[in-house]
Amino acid sequence: MPAYKSYCWSLGTTSFRMVEFNRKIEEQLKLLNEFWALPANGSANWTSNSTLQTQYYNFIKGKGFIEDKDAPRKDKDAREKTSGLVDIGLITDERRLTPAGQALLSIAECGKFDKNNILQIPADSFVYFKQLLKTSIPFEDSVIRPYLILAYLLSEFGELSKDEFAYLLPLATDKAKMKQIIANIRDIRAGKESINDAILSVILDMPNYQEAKAMFLSAPTVDEYLMMEIGMNRKSREYDIAYLNLYNALLLFKAHQDTPSALKLFDAANKLSGKPRLSWKFYLFNTVSKSRIQKNGVRTVHTNRKIFEINDDVAFKEEFFNLLHLFKAKSLLDDYFDLNRRYFKTTDTVLFQDNKVKLDIIPSCYFSIIKNDLLEIAFASSNKLHQNCSLSEINKVFDVTQAQIFSKAEELYGVQVRNLFDIQNYVDQERYQRFNKMIDERFSDDVLISLLTKFEKRADDEIRSDVTNNADIPTIFEYILAIIWYKVSRRQGKVLEYMNLSLDADLLPITHAAGGHEDITYHYEATEFYPAHTLLIEATLANSTNQRRMEMEPVSRHLGDYLLSHNEEAYCLFATTFLHVNVVADFRSRKNSPYYSNDGERCIEGMKIIPCNTEEIKNIIEKRLTYSHLYGIFETAFKSIVAPNLWYDQELKQQLKRIDQ
């Protein structure tokens with residue numbers, strides 16, 4: 001009897017799919033180190049030790065890593081929470097940190113993300129890059145190295161569409177399939193076939209699908225047993241019983257195209273499990289509302305679909321079989337899309353923008369140089385997975401020189417490269433072009449105002465959906481403030497450097513396990529409206545008592561330390577969703593208070609701190625005020641002698657309201 005066999009790959013498992021992906025990996029490495037350092041655990045074995053696994057679950061829950069209610073099977077959840085780290089070689093099967101895992105943890109703990117490597121990517125990303133070069137997935141009698149397959153296809157085509165990445169890339173499971181996928185992509189782009197055709201061409205070529213199809217086409221009757229057999233469900237055969245009702249409902253509608261048969265067809269599709277339910281409904285109907293079908297009847301059905309136009313019984317069954325497995329395959333590949341993207345994004349080498357996937361500039365040069373050697377190792381395992389080794393130690397194929405990168409950049413991008421500065425300058429120009437384009441497309445003034453309101457309401461899920469799920473909400477708040485201030489400053493200045501944030505290759509924020517510094521350091525050159533100076537922007541979502549406890553000292557300390565260590569004019573803008581009157585009073589008191597170095601030898605006389613809540617920032621956006629306007633308002637407000645409890649309302653809030661657009 002036919003049985004399900006895998007036809008695609010994925011990095012990790014769907015059980016290891018978390019928001020703030022980078023930070024969760026770093027935190028787990030730290031927690032595993034702490035867990036194994038406990039005297040009772042030092043010599044314990046992880047494998048088949050459900051008691052120890054449950055203890056680890058309780059340990060990380062006690063540390064706040066897990067906030068949900070207890071898992072029904074704690075040992076299983078502990079295995080799943082750590083499985084992704086095993087897959088990419090950061091920990092062993094025994095959940096002990098490997099040298100590669102130790103290297104990543106060390107970078108995260110010290111917070112040094114220098115880009116002094118051949119690809120000019122952050123140090124943590126370079127560790128991920130090397131790990132994914134080595135990472136392989138068992139598949140039947142061989143192995144697959146997904147990142148190398150992606151790199152080869154991107155070097156071959158320059159870019160992949162989102163659909164090509166999601167639905168075709170994971171089908172490249174050996175050299176022959178790789179060549180088939182390349183041919184499929186060429187045919188799709190030439191208009192000779194569709195993505196659906198390409199998916200079916202791969203899965204229907206497999207012996208188990210051929211056997212199931214032959215069984216279905218030759219069966220004199222279609223019953224529940226046959227549907228379970230030909231469905232080859234990965235989890236439980238019973239899930240496929242519902243397809244019998246759909247099969248019969250399709251036959252009924254073919255024979256009687258009326259409202260009752262349309263409703264039976266909708267009900268049958270609606271009883272399917274998982275994502276294929278939606279696929280069938282969208283395929284069959286122009287609405288997912290049953291009431292509209294009741295009202296409009298046959299007009300809601302896509303009667304021009306092939307399955308309704310077939311008159312031959314065998315051909316009808318063949319089309320049903322194809323659709324059944326196409327929608328199942330696309331459902332599985334949709335699940336894997338997000339998972340694969342998360343892992344690939346850790347390397348900071350792959351861009352996911354405008355429904356396109358491509359390599360960033362220097363990685364593109366790198367893989368163009370070694371492309372012809374990739375297929376020789378893309379389906380072979382590496383014995384260096386756990387090691388924190390150099391590229392050449394992974395494989396001599398990866399040993400590329402800076403001079404080769406320079407030469408390839410000139411060839412691919414037509415830019416003259418004489419030294420590292422030239423290529424860095426070209427990369428920076430391209431990054432700012434992408435950043436400005438992203439602001440135009442994703443962060444209009446209306447969107448920014450809406451986001452500020454969501455921060456005020458702490459609509460965290462909506463914020464992550466609008467921006468990214470790889471950063472915590474405070475980090476996203478800092479990022480959005482940086483974009484706002486960049487626009488207020490008429491996009492002058494190197495804002496990507498001014499943000500004291502880690503950004504991924506798509507220029508979206510990442511949260512790491514470590515941190516601690518002023519949030520944004522904005523440098524201004526002298527103009528007719530203000531002298532040369534630096535603006536430190538501190539951001540917080542803390543409110544009430546927490547704001548007094550958490551922000552009064554750090555804000556003044558950051559500004560004071562900056563002034564002591566830099567011979568330049570500087571002040572601080574404190575941005576928040578809630579402004580406590582005593583925080584305002586404290587900041588006003590700093591105007592005339594000295595701030596000393598730790599040894600007491602040096603001192604600055606007073607500091608300028610301007611508090612500003614998001615209501616006023618929204619007002620600034622709505623009126624399209626520029627920094628030239630704001631500097632004067634801030635300076636006048638700073639010099640005011642109005643009492644602290646009245647100062648904010650009179651000197652900032654009311655002054656901003658009075659300004660005409």
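**The hairpin strands and a helix**

Reply: Leu351 has Lys358, in strand S5, as its bridge partner. The model is predicted, with local features needing pLDDT of at least 70 and side-chain atom pairs pLDDT 80 or more, while totals for chains, interfaces and linings use all residues. Residues are numbered from 1 along each chain as its sequence is written, and side-chain values use heavy atoms, without hydrogens or water.

Strand S5 covers residues 356–359 and runs antiparallel to S4, to which four bridges join it (strands pair with at least two DSSP bridges). Together S4 and S5 form a hairpin with two residues between them. In that turn, Asp354 has a positive phi of about 55 degrees.

Strand S4 spans residues 350–353 (strands are DSSP E runs of at least two residues, helices H or I runs of at least four, numbered from the N terminus). Val350 and Phe352 point to one side of S4, Leu351 and Gln353 to the other. Residues on both sides are buried (under 20% relative accessible area, exposed being over 50%, with a 1.4 Å probe and protein chains only).

Turning to the helix, H13 comprises the twelve residues 259–270. At 1.5 Å a residue H13 should span 16 Å, and its end C-alpha atoms are 16 Å apart, which agrees (the expected span is 1.5 Å times one less than the number of residues). Buried residues of H13 include Ser261, Ala262, Leu263 and Leu265, as well as Phe266, Ala268 and Ala269. Among the elements covering these buried residues are helices H12 (242–255), H14 (276–284), H15 (290–296) and H16 (306–309) (contact means heavy atoms within 4.5 Å).
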